[in-house]
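Trainee: I would like to learn how to read strand pairing, sheet order and a chain contact from a model. Please take them one by one.

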Amino acid sequence: MTATPDAAPPRLELEGIAKRFGDVVANEDIALDVRAGEIHALLGENGAGKSTLVKIVFGLLQADAGEMRWQGRPVRIANPSAARALGIGIVMQHFALFESLTVAENVALGLDAPPPMRELNQRIAEISERYGLRLDPGRHVQALSVGERQRVEIVRCLIQDPTLLIMDEPTSVLTPQEVEALFAVLRRLRAEGRSVLYISHKLEEIRALCDRATVLRGGRVVSTCVPAEESNASLAAMMLGEGKLVPDRPPHAREATPRLELRDLSLPSADPFGTALQHISLAVHGGEVVGIAGVAGNGQAELAAVLSGEVLAPSAGAVFLEGQEVGRLGPAARRKRGLAFVPEERLGRGAVPDLPLTGNGLLSGYATQPLVKHGLIDRLGTRRFAQAVIERFGVRAGGPAASARSLSGGNLQRFIIGRELLQQPRVLICVQPTWGIDALAATAVQEALLQLAADGAAVLVISQDLDELMAIADRIAVIGAGRLSVAEPVAELSVEQIGLRMGGRDAA
Amino acid sequence: MSPDFIAAVLVAVTTAATPLLLAGLGELVTEKAGVLNLGVEGMMLVGAVGGFAAASATGSGLTGVGVAALLGMATAALFAFLTLTLLSNQVATGLALTIFGVGLSSLLGKPYIGMPLDRLPPLNIPGLSDLPLVGPVLFGHDALVYLSLAAVPAVAWFLMRTRPGLILRSVGESPEAAHALGHPVIAIRYAATLFGGAMSGLAGAYLSLAYTPMWAENMSAGRGWIALALVVFATWKPGRLLLGAYLFGLVLILQLHAQGLGLAVPSQWLSMLPYLATIAVLVLISRDATRIRLNAPASIGKVFHPDT
Amino acid sequence: MRLRLEARGAPSAAMAWATPPAAVLATLVAGSVLFAGLGFDPLQSLYSFFIQPLTNAYGIGELAVKGAPLIICAVGLSIGFRANVWNIGAEGQLTMGAICGGGVALALPDAGWWLLPVMVVAGAAGGMAWAAIPAFLRTRFNANEILTSLMLSYVAVLILSYLVHGPWRDPAGFNFPESAMFPDTGMLPVLWEGTRLHAGVLLAVAVVLAGWLLVSRAFLGFQIAVAGMAPAAAGYAGFRGKRLIWLSLLIGGGLAGLAGLGEVAGPIGQLRPTVSPGYGFTAIIVAFLGRLHPLGIVPAGLLVALSYIGGETVQIELGMPVAVAGVFQGMLLFFLLASDVLVRYRVRLTRPGELVA
């Protein structure tokens with residue numbers, strides 16, 4: 001695939017790159033080369049050190065040791081401007097976009113010396129045209145879908161005519177159809193002789209798209225390979241070591257009556273940038289896992305809030321819990337009736353960063369456990385509860401007095417899910433259960449959810465990770481533009497079908 | 001009402017509105033960069049006493065104005081160092097700045113109490129200033145009045161039409177994104193905070209050199225806080241701030257002259273007017289949460305630390 | 001050398017304890033520079049400011065007399081600040097407490113022993129009512145409580161001024177803007193002969209104990225802390241945000257009102273245009289210096305009370321402007337906020353050129 005003669009130096013070459021944060025080693029002795037006209041994968045699971053490495057290449061972080069060479073010349077990239085000057089562009093996983101500004105203003109902010117607005121609008125139009133990235137320069141970002149926002153990021157890079165484009169987990173927020181469109185753009189860039197450094201942990205994509213792959217594990221390079229010659233299993237083995245990939249599925253039987261039910265729920269969004277929910281109906285039965293798929297920003301946050309009780313439904317009869325109307329009840333009352341909830345935002349919603357785990361156990365545990373007596377906190381009981389969560393769910397923490405902030409993402413998620421499970425919920429709602437956590441913790445979390453369903457509870461999982469939903473859900477519904485499709489058994493659904501439904505706002 | 005009386009009222013409204021406009025514009029720029037500086041009152045007082053001291057020492061009102069701006073910047077720099085470099089809580093630090101400014105200005109101002117001073121001279125424009133009615137209303141003011149009026153379109157133009165203005169707004173919207181794109185978030189916030197300080201200093205100088213050419217403890221009487229409220233009222237738009245400042249100028253004048261108009265109301269009730277009006281406008285504008293959400297700089301008041 | 005901040009995993013408890021004394025120390029150093037700059041002997045001035053007032057019984061009594069309202073107000077404010085409710089209008093709530101409590105005394109000059117308890121209740125209720133306005137405006141109209149509570153402070157002081165200049169002026173008072181003196185049954189008894197130490201100090205002790213119970217043992221205190229640290233987590237837990245805003249403002253206002261009543265029924269004994277030398281504002285400093293904790297607020301309140309007395313002493317002894325107390329208080333808060341960085345971050349010095357994150 002690579003047409004570069006052996007004599008030409010690689011476009012980007014890293015050697016011995018190391019980076020620590022305090023006692024944590026993020027990168028150690030990293031070697032990597034990206035050739036002209038290739039799509040090079042940087043493969044690794046969450047926490048393998050990919051993002052740190054990318055930030056070093058783009059000048060957002062400085063390496064503690066090691067050398068970077070650009071076209072064979074040693075370089076020091078002090079800041080993003082220097083990276084851009086070399087011809088490096090980046091599309092971050094978390095978009096560096098400004099909601100209240102227009103597309104053109106957002107593009108201008110990413111350029112070191114932008115042309116006058118009129119000329120810039122013209123250039124944006126040209127680039128959009130050439131790569132099929134439809135965009136209106138005058139629109140405000142807040143009105144754009146996630147897919148369109150990514151287009152803004154890509155156009156902002158391409159307008160600078162980069163020779164190396166870094167894409168950090170670009171497909172995690174896209175529908176399958178959008179992913180195909182993105183791949184077409186990236187292949188076209190390769191054909192123009194540009195290089196792409198493609199960061200992902202999705203094996204299928206990497207095998208379909210990338211010419212070579214460098215695999216990171218625990219901050220070190222474990223392998224460099226040609227993905228087309230590898231299998232998913234062999235790539236996974238490199239990425240995870242001895243880790244376990246697929247959760248065990250204990251057998252579970254679906255009950256006849258639903259435990260959680262939404263009946264024609266409509267709700268205008270309180271947030272001007274939010275999504276209104278429209279005529280949502282859904283039933284989750286005991287003994288099953290129902291998944292809600294969809295691209296971020298299509299009403300998931302609003303749906304989760306109205307399910308947990310953080311936002312009240314317009315009428316009591318819009319939400320049923322075990323056959324009782326709960327639409328006008330708050331979170332505490334719903335918890336007392338057997339609902340448990342794991343939010344997407346772990347630090348700041350699911351847990352208070354600066355409180356110890358005792359306090360964070362009390363945060364939701366007070367509703368179902370005898371932790372408060374006569375208005376006073378039972379300190380011993382609270383400590384015992386937190387200790388039980390830590391022990392039962394293998395949370396690695398410095399004891400119940402450790403602050404939530406001090407836990408890794410995976411351990412915090414174990415704690416939060418453990419806290420909810422220990423309250424023996426009859427219904428569990430879980431948003432993005434494994435987002436951003438390492439594979440071991442992710443598998444443990446998924447197994448806990450499946451076990452809960454096997455024990456007879458109703459489990460609702462709202463996730464943007466379609467692979468995950470296909471792996472653990474019995475039925476899947478798709479949310480798009482605030483509307484929810486009928487939940488259908490996974491066996492009767494293909495990824496393509498789901499993808500088309502996910503189009504939602506993009507298609508409109 | 002005679003035309004002369006109306007002209008006199010308009011002139012009075014202008015003088016009452018000018019300090020609010022100056023301080024408000026400065027705070028508007030500061031907040032647009034995502035920094036909430038509640039120390040306006042303190043910065044104004046330090047500017048007022050410093051301006052007065054410099055003017056009385058040198059006999060030059062203009063020197064006083066310059067010193068006031070510098071002192072405003074110096075106090076703002078203190079605030080910026082604490083909140084931007086040492087990442088302290090902006091609300092608490094702003095309150096500290098006000099408490100400190102009130103104390104420092106009374107301390108430094110002790111010798112100047114009761115001392116007379118010449119009012120900042122009007123910019124006499126031969127011919128125009130002497131016109132009947134129009135002359136005093138439009139052309140009879142001092143330099144700070146015109147500066148404050150010129151600053152309105154200048155700030156609007158800077159924020160909406162220039163690249164530094166765009167970058168400043170982007171920092172206020174999302175410092176994380178601006179940082180990721182390589183913009184120097186902290187430096188920009190410093191600059192915006194210093195500008196706010198300079199404008200508050202000028203507002204203070206206007207009080208002690210032009211509005212009432214004298215120094216009195218706490219002479220700003222809550223104007224710094226009113227300016228803060230006006231920024232919210234203006235939904236962070238310079239043009240609306242102009243409107244708000246002049247509306248409040250009218251309220252302040254009404255309060256001063258109501259008794260002259262024969263209204264038999266105890267002076268205390270009239271003195272409450274500006275404060276009650278501030279509450280009223282805040283309620284009017286804040287009840288529309290969507291509007292605030294769409295216009296307020298999204299990161300306002302939040303600590304930004306690039307490594308986290 | 002460049003200063004670099006590295007986030008700590010968890011806030012440092014040791015630093016949280018160590019920084020307030022460090023801030024006091026830094027204030028003393030900066031204060032002596034200030035004294036020297038004003039042309040006074042720094043050591044002599046510091047002695048007059050901080051030591052001399054404590055060398056006699058009267059001074060120690062004054063410390064408690066001035067500390068009590070500061071501590072009462074600060075405990076109330078600290079509960080709001082914990083919830084991220086920025087009530088900075090305690091001065092107005094204090095004034096309203098004085099008006100309502102004092103109004104009762106003026107209306108019932110012949111009342112029996114029960115007058116004082118009624119005044120205490122009326123004072124607290126007055127402060128609460130005044131704080132209820134920003135609470136209502138915030139929860140109903142989303143209006144910023146910082147600005148509304150502050151504006152209401154100006155209004156409350158003007159109302160008091162109107163009352164003592166007008167309807168409540170003592171007809172036998174030679175036209176001074178003062179009310180009649182309260183009856184003896186409406187006065188807080190003096191506890192220590194030869195000083196002005198009055199029973200209001202006992203109120204402060206009770207408030208501190210109740211505050212401690214709320215903050216460190218009560219579930220309500222936990223809810224308030226969660227609402228302040230992570231509002232979204234409070235919503236997730238099902239703690240009702242508006243209720244907590246109301247509660248924290250009412251507690252803050254009620255306690256400020258109590259402090260105001262303690263002033264007029266204690267050292268003052270009547271209503272005057274000014275019933276507080278800014279205790280309501282200074283209590284903000286006390287609350288922060290005390291780390292928003294009732295037990296921390298006690299030494300913080302006494303220290304700041306000392307700065308008031310010290311300010312008066314240096315005025316008398318050395319002819320220094322009394323405003324020097326305000327400067328001291330402002331500096332103290334600045335140094336505390338600056339040193340707070342050490343609680344959350346490690347400070348590293350790095351040489352330019354050295355490769356760091």
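Mentor: Start with pairing: look for a partner strand and the sense in which the two run. In this predicted model, strand S11 (residues 258–267) of chain A pairs with strand S14 (residues 319–321) of chain A in the antiparallel sense, over three bridges. A:Leu262 stands opposite A:Val319 in S14(A).

Trainee: With which strand does S11(A) pair over six bridges?

Mentor: With strand S12 (residues 277–285) of chain A, again in the antiparallel sense. Here A:Leu260 has A:Val284 as its bridge partner.

Trainee: Is S11(A) mostly covered or mostly open?

Mentor: Mostly covered: seven of its ten residues are buried.

Trainee: How do I read the order of a sheet?

Mentor: One open sheet of chain A has six strands in the order S6-S7-S8-S3-S9-S10, with mixed pairing. Its edge strands are S6 (88–91) and S10 (220–225), each pairing on one side only. On average, neighbouring strands are turned by 20 degrees against each other, direction ignored.

Trainee: What joins S6(A) to S7(A)?

Mentor: Four bridges, and the two strands run parallel. A:Ile88 is opposite A:Leu164 in S7(A). Helix H5 (residues 146–158) of chain A packs on the sheet, touching S6 and S7, and its direction makes about 175 degrees with that of S6(A).

Trainee: And the contact between chains: how many residues of chain C touch chain B?

Mentor: Count each side, then sort by residue type. In chain C, 39 residues are in contact with 41 of chain B. The chain C side divides into 30 nonpolar, eight polar and one charged.

How values were computed:
Residues numbered from 1 in each chain as written. Chains lettered and ligands numbered in written order. Predicted model: local features only at pLDDT ≥ 70, side-chain atom pairs only at ≥ 80, totals over all residues. Contact = placed C-beta atoms within 7 Å. Nonpolar A, V, L, I, M, F, W, Y, C, P; charged D, E, K, R; others polar. Buried ≥ 20, exposed ≤ 12 C-beta atoms within 10 Å, placed from the backbone. Pairing = 2+ DSSP bridges. Axes fitted to C-alpha atoms, helices over the stretch in contact; angles between N-to-C directions.
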